[in-house]
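The stops below are meant to be taken in order.

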Amino acid sequence: MHVFDLAAPDDFDGWRDHARGLALAAIPPEKVSWRVAGEGGDLFGQSGSQANRAGYQPLSVPRAFIDLARSAICHSDPERFALLYGLLLRVCATPAILTDKADPLIRRVEALAKAVRRDLHKMHAFVRFREVEGAGEGMRFVAWFEPDHHIVRAASGFFVDRFTTMDWSILTPDLSIHWDGARLRESPGATRALAPSGDPVEDIWKRYYAAIFNPARLKVKAMMKEMPRKYWANMPETALIGSLIAGARNREVAMVEQSQKWLPDGQEEGLSTHAIWSDLRKEAAACTRCVLHHCATQTVFGEGPVDARLMFVGEQPGDQEDLAGRAFVGPAGQLLDRALADAGIDRTHAYVTNAVKHFKFEQRGKTRLHARPNAGEIRHCRWWLDRERALIKPSLTVALGATAAHALMGRALSVSSVRGTAQMAMDGGETWVTVHPSFLLRVTENKEAEYRRFVDDLRVIARRLEALA
Ligand code: URA
């Protein structure tokens, strides 16, 4: 028996190095045992075999196998290493076996990979950070999470990406990870008691989730499947689930009535969407999710009726917007106003916001020159755009320019490739893409024709909005 030590339960690279040597030496799966450091195992085998010392010669397998194995290895099933090695031998002999969906071994390994992907999705969605006292220099956020599988390392990139500018720790029973804004560290598992529970921001989140909860779409079974009870303790908003479900029918009736009459600010009864929006706006005013807040004067949040059916998303505030704290009030905003009037759209009925909420610029003498936000800045700021959209739920959204289209669709695309046809935003909302008004200010050739084309786009959008009603 050959026994191989792996550094961690998700040690894909270690497994791959050993498995490559074993496969080249044609060692059958039943002659191999896998042991994870710290988990005990078969102590009688001969550790580090000839097969492994055969060296890391190349062994060619389809990319799909590597992807499958990388996911499946994070599963908590103790047999995963042996199953994957057995599959590797078969894939080496017959690469096409991977497409055989009826093969029991393929099915078993695919089920492992699927469970891991699902667990990752849950971790991305259900981790909730709580603010704790930092060690003297600023805020620190800590979350507790109990994954079913060994996914913490695999999930870490997502959190580094989303919360780059925060100091945070995610504690889990087997492994904890810590980010200090520059470096990711690991430490052993923790207990729930070490994680904080409850902080002042939770009230805001509770009100926000209560507001975006749509009673007409309530499907209790599906919800329980998607959000199993074991995660509830970590999520402030779940404290509301019982009462939201209980009141769903009444709220549904109220929603239908409410949708027939718009009450101006301050006159709504019960949970006011406007109050929630106001809280979000205050939260965003203190946003430090990316570096842009360092130089900008202030966060420029969206504005307009919180029950608007039409939402315009621009790129980022310009020089004048940055100073005024309001979206589209400078030259591009004035051109937008003129075009909206020509197309018969009343801007006061629309919600107008930007993909990025801080002004990005390069200082040239006394002038602040607009600089285009990059993909990371767009992604960080989508946090706010997502929340504005979940609250306002527009029937139709207009992306003004490529940055807005990127933020809404989640990928870079050219305006010309999608202009004039309905698209679907990442959150499922109907979206139309047209040029940014700044383009019309800059363009020198066919200026008037370009303007007329923009107005034509807006007319089509206005008609579509009417049809949706
Ligand atoms: N450009 C934008 O995209 N948004 C503004 O608010 C102003 C100019």
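A residue is called buried when its relative accessible area is under 20%, exposed when it is over 50%, and partly exposed in between, using a 1.4 Å probe and protein chains only. This is a predicted model, in which local features need pLDDT of at least 70 and side-chain atom pairs count only at pLDDT 80 or more, while totals for chains, interfaces and linings use all residues. Residues are numbered from 1 along each chain as its sequence is written, and side-chain values use heavy atoms, with hydrogens and water left out.

**Stop 1: an aromatic pair**

Select tryptophan 168. Its relative accessible area is 0%, so tryptophan 168 is buried.

Rings of Phe, Tyr and Trp (its six-membered ring) form a pair if their centres lie within 6.5 Å; planes under 30 degrees apart are stacked, over 60 edge-to-face, and the rest tilted. The count by this rule is 16 aromatic pairs. Phenylalanine 159 and tryptophan 168 make an edge-to-face one, with 6.3 Å from centre to centre and 70 degrees between the planes.

**Stop 2: a tilted pair**

Now select tryptophan 277 and phenylalanine 301. Their ring centres are 6.1 Å apart and their planes are at 45 degrees, so this pair is tilted. Tryptophan 277 belongs to helix α11 (residues 273-285), and phenylalanine 301 to the loop between α11 and β9 (310-314), 24 residues apart. Helices (H or I, at least four residues) and strands (E, at least two) are DSSP runs numbered from the N terminus. Both tryptophan 277 and phenylalanine 301 are buried.

**Stop 3: a ring cluster**

Select Phe4, Phe12, Trp15, Trp34, Phe65, Phe81 and Tyr85. Ring pairs link these residues into a cluster.

**Stop 4: aspartate 10**

Go to the loop between β1 (2-6) and α1 (12-24), where aspartate 10 sits. Is aspartate 10 buried or exposed? Aspartate 10 counts as buried because its relative accessibility is 14%.

Show the side chain of arginine 153 as well: a polar contact of 2.5 Å joins it to the side chain of aspartate 10. A polar contact is a pair of N or O atoms within 3.5 Å; within protein, one must be able to donate a hydrogen and the other to accept it, and residues adjacent in sequence count only if both atoms are side-chain atoms. Beyond its neighbours within four places in sequence, aspartate 10 is in contact (heavy atoms within 4.5 Å) with Ile73, Cys74, His150 and Arg153.

**Stop 5: two positive phi angles**

Phenylalanine 328 lies in the loop between α12 and α13. Although not a glycine, phenylalanine 328 has a positive phi of about 50 degrees. At 5% relative accessibility, phenylalanine 328 is buried.

Next, select asparagine 446 in the loop between α17 and α18 (447-468). Asparagine 446 has a phi near 50 degrees, again a positive value in a residue other than glycine. At 54% relative accessibility, asparagine 446 counts as exposed.
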